[in-house]
Amino acid sequence: MGVNIRDIIPDQARREVDLKALKGYVIALDGYNMLYQFLSAIRQPDGTPLKDSQGRVTSHLSGLFYRTINLVEEGLKPVYVFDGKPPEMKRKEIEERVARKKEAAEKYAKAKESGSIEEARKYAQATSELSSDMVSEAKRLLDYMGIPWVQAPADGEAQAAHLAQKGDAWAAGSQDYDSLLFGAPRLVRNLAITGKRKLPNKDEYVEVKPEIIDLNAMLKALGITREQLILLGILVGTDFDPDGIKGYGPKTALNFVKGVKDVTKALESIKSQLPGDVDPFKIFDYFAKPPVSSDYRILFKEPDVEKIKELLVREHDFSEDRVVKAAERLAKAFKENLRGKQSRLDMWFG
DNA sequence: CGTGCTCT
DNA sequence: AGAGCACGG
C-alpha cells in the first residue's frame, strides 16, 4: 500500500488548499490509485458496486467521469498515469494483497449471511480489485473526454514523479507517498475525495481538502537528503520489502538515517536484517533511478460527447440525461480552462 | 464516489 | 445556502 511516512511529514512542508488554488496546474494523477479509490468507495450500503445490465462493474467509470469533470471545472489540468509491469521484487507484496482480498471475501460472505450490512460493506470494499479490462475502459473514457493519460513502463508513481521533475506536470497526485521517494518535487493528496465526508462509525463530518507536500521543504525541515529519505522508506517498509525492518517506525527510522553519512554502508549494514531474497541496494536504485518513459505527450482535447455516450450509455447503461449533462459541462470547462491556456509552473514553498 | 431532490 | 437522504449502474 505504499510507504508509510505520514507521521513524519513536517507542517512546514504541507499545505491544505481549496481546489481552486490548483487552477492552471497540470497534475500527474496516479490512475490506478484513483480508480481503486472509486471502486472501493462507490458502493451500495451492503457493499455491492455499481454494475451494468450484464453484471460488469462500473463504479470506477462513474467516479472517474464525474470527478474528472469537477477537477477540470475548477481549472485543474489532470493527466492520468497508469502502471506498467510491476518489477519482480514487488511479488511478495502482490501475493500478500491477493491473500488479504481472499480473506476479505470470506469475511464479506459471512457478514452478508449474518445480515450485518455495515460489516458487509467494509469487507466488500477490501475485496476491491481492478481488472485489466476495467483499466482499459478507463483509458478509453479518458480518450473520449479529451483528457491525456501516460502509460508508465513500470511504476505509475515513478512516472508521475518523472513528469513533475521534467516540468511537464506541476505535481504528482496520489494518496500514497511513494512519489516523494521517486523524486516528485510536489505531491497533492486527496484529489479523489474533496469535500465533506462522514467519519466511519461516527456521526461526525470532516472537510477534506487537497493537501500539497513539497519535497524540498520536507527534506530541509527533516534535515535529510532524498537518499536518506529512500533509506528511511526501506527501514519502515515499501512495496518491495513490505515488512521493513523490525523495530523501525517512521520516527525511529528518521533518527537512524539522520546519523547516516554513507548510504552504501548503511544499506550494507541493514541487508542482514532483511529476508534473504530482499536486496536493499536494488530497492534503493529503483527509487533513485526508476524505469520511466519520456515518450509521451500531454494534449487536452475537446471531448467527444457522442463517443462518451456510446461507452457509458450504450455499453454500460448509464443514464443518458446525466451523462449528456456532465459531458456538456466538460465541453464548457474545456473551452474555458484548458483550450489554449498556459499551464502554471510557479513554486509555493520558496 | 457522485447527482439531484426535499426540506428548512 | 446548506443539510439530509435516496439513488446511480
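Let me start with one residue: asparagine 190 counts as buried because its relative accessibility is 11%, where buried means under 20% relative accessible area, exposed means over 50%, and partly exposed is in between, with a 1.4 Å probe and protein chains only. Asparagine 190 also has a positive phi, near 70 degrees, and is not a glycine. Most residues other than glycine have a negative phi. You'll find asparagine 190 in the loop between strand S6 (186-189) and strand S7 (195-198). Helices (H or I, at least four residues) and strands (E, at least two) are DSSP runs, numbered from the N terminus.

Some housekeeping. This is a predicted model, so local features need pLDDT of at least 70 and side-chain atom pairs count only at pLDDT 80 or more, while totals for chains, interfaces and linings use all residues. Residues are numbered from 1 along each chain as its sequence is written, chains are lettered from A and ligands numbered from 1 in the order in which they are written, and side-chain values use heavy atoms, with hydrogens and water left out.

Now, the inside of the protein. A nonpolar core here is a set of buried Ala, Val, Leu, Ile, Met, Phe, Trp, Tyr and Cys residues joined through side-chain atoms within 4.5 Å. The largest one has 105 residues, and Ile5 and Leu22 touch the most other members. Apart from that core there is another, of 5 residues, including Tyr108, Ala111, Ala120 and Tyr123. So what does leucine 22 contact, leaving aside neighbours within four places in sequence? The list is Val17, Gly75, Leu76, Trp170, Val188, Leu191, Pro210 and Ile212, with contact meaning heavy atoms within 4.5 Å.

A residue is near a strand if one of its heavy atoms lies within 4 Å of it. Around DNA strand B we have Ala41, Ile42, Tyr66, Arg67, Asn70, Ala192, Ile193, Arg197, Arg322, Lys325 and Arg329. By class, that surface has 5 nonpolar, 1 polar and 5 charged residues. Here Ala, Val, Leu, Ile, Met, Phe, Trp, Tyr, Cys and Pro count as nonpolar, Asp, Glu, Lys and Arg as charged, and the others, Gly among them, as polar.

Arginine 67 puts a polar side-chain atom 3.0 Å from one, lysine 325 has a polar side-chain atom 3.4 Å from one, and for arginine 329 the side-chain N or O atom is 3.3 Å away. Helix H2 (59-73) and helix H14 (320-338) are the elements that give two or more residues to this surface.

Now strand C. Its surroundings are Gln44, Pro49, Leu50, Lys51, Thr58, Ser62, His316, Asp317, Phe318, Ser319 and Arg322.

On strand C, let's look at some backbone atoms. Lysine 51 has a polar backbone atom 2.9 Å from a base nitrogen. Histidine 316 has a backbone N or O atom 2.9 Å from a sugar or linking oxygen, and serine 319 has a polar backbone atom 2.6 Å from a phosphate oxygen.

Aspartate 317 deserves a stop. It sits in the loop between H13 and H14, and has a positive phi of about 65 degrees although it is not a glycine. Aspartate 317 counts as partly exposed because its relative accessibility is 41%. In H13 itself (residues 305-315), Ile308, Lys309, Leu311, Leu312 and Val313 are buried, and their cover includes H2, helix H5 (132-145) and H14.

Last topic: the record. An unreviewed UniProt entry lists Asp30, Asp83 and Glu157 under "binding site". They are spread over 128 residues of sequence, yet cluster in space, with a largest C-alpha distance of 8.2 Å. Such annotations may be inferred rather than shown by experiment.

Are aspartate 30 and aspartate 83 buried or partly exposed? Aspartate 30, in strand S2 (residues 26-30), is buried, with a relative accessible area of 6%. Aspartate 83, in the loop between strand S3 (77-82) and helix H3 (91-113), counts as partly exposed at 31%. Leaving aside neighbours within four places in sequence, aspartate 30 is in contact with Val81, Glu157, Gly173 and Ser174.

Notes: Polar contact = N/O pair within 3.5 Å; in protein donor to acceptor, adjacent residues only side chain to side chain.
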